[in-house]
Amino acid sequence: MKRIDVIRYLEQQGCKFLREGRRHTVYYNPMNRKTSTVPRHREIIDVLVRKICRDLGISSPFLK
């Protein structure tokens, strides 16, 4: 999945940008106060997208 699509999905689910790390972007879910990092790669493998969603407490985009 493309990185821009992952970020767009996270923001649609209510997650907010928290900060930029050295090699990752950190996103925050204010509903349950959980954070996760999104790597700065053009393509992010599906397993990692599922892990990011699980860390943030949201459903995976592949379940729809």
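What percentage of the 64 residues in the protein chain do buried residues make up? The share is 33%, where buried means under 20% relative accessible area, exposed means over 50%, and partly exposed lies in between (1.4 Å probe, protein chains only). The model is a predicted one, in which local features need pLDDT of at least 70 and side-chain atom pairs count only at pLDDT 80 or more, while totals for chains, interfaces and linings use all residues. Residues are numbered from 1 along each chain as its sequence is written, and side-chain values use heavy atoms, with hydrogens and water left out.

The protein chain holds 2 helices and 3 strands. Helices (H or I, at least four residues) and strands (E, at least two) are DSSP runs, numbered from the N terminus. Along the sequence the pattern reads α-β-β-β-α. The C-alpha trace spans about 30 × 25 × 15 Å along its principal axes. The radius of gyration is 11 Å, which agrees with the value near 11 Å for a compact globule of 64 residues. This radius is taken over C-alpha atoms, and the globule rule is 2.2 Å times the number of residues to the power 0.38. The accessible surface comes to about 4,600 Å², and 52% of that area belongs to carbon and sulfur atoms. Areas come from the Shrake-Rupley method with a 1.4 Å probe; for residues, only the protein chains shown count as cover. Of the contacts between residues at least 6 apart in sequence, 37% join residues at least 24 apart. Contact means heavy atoms within 4.5 Å.

The strands form an open sheet of 3 strands in the order β1-β2-β3, with antiparallel pairing. The edge strands are β1 (16-20) and β3 (34-39), each of which pairs on one side only. Neighbouring strands are turned by 30° against each other on average, direction ignored. Two strands count as paired if DSSP finds at least two bridges between them. Strands of a sheet pair through backbone hydrogen bonds, either parallel or antiparallel.

Between β1 and β2 there are 4 bridges, and the two strands run antiparallel. Glutamate 20 has threonine 25 in β2 as its bridge partner. These two strands form a hairpin with 3 residues between them. Strand β2 (residues 24-29) pairs with β3 over 6 bridges, also in the antiparallel sense. Histidine 24 has its bridge partner, proline 39, in β3. Tyrosine 28 stands opposite threonine 35 of β3. The β2-β3 hairpin has 4 residues between its strands, and arginine 33 in the turn has a positive phi of about 55°.

Both helices lie across β2 and β3. Helix α1 (residues 3-12) runs at about 20° to β2, and helix α2 (residues 46-56) at about 160° to β3. Axes are lines fitted to C-alpha atoms, for helices over the stretch in contact; angles run from 0 to 180 degrees between N-to-C directions.

In α1, Arg3, Val6, Ile7, Tyr9 and Leu10 are buried. Seen down the axis of α1, these residues fall within an arc of 160°, so they line one face of the helix. The arc is that of the directions from the helix axis to the C-beta atoms. The buried residues of α1 pack against β2, β3 and α2. Glycine 14 follows α1 and has a positive phi, near 100°.

Serine 60 is placed in the segment after α2. This serine 60 counts as buried because its relative accessibility is 10%. Leaving aside residues up to four places away in sequence, serine 60 touches Tyr9, Arg50 and Cys53.
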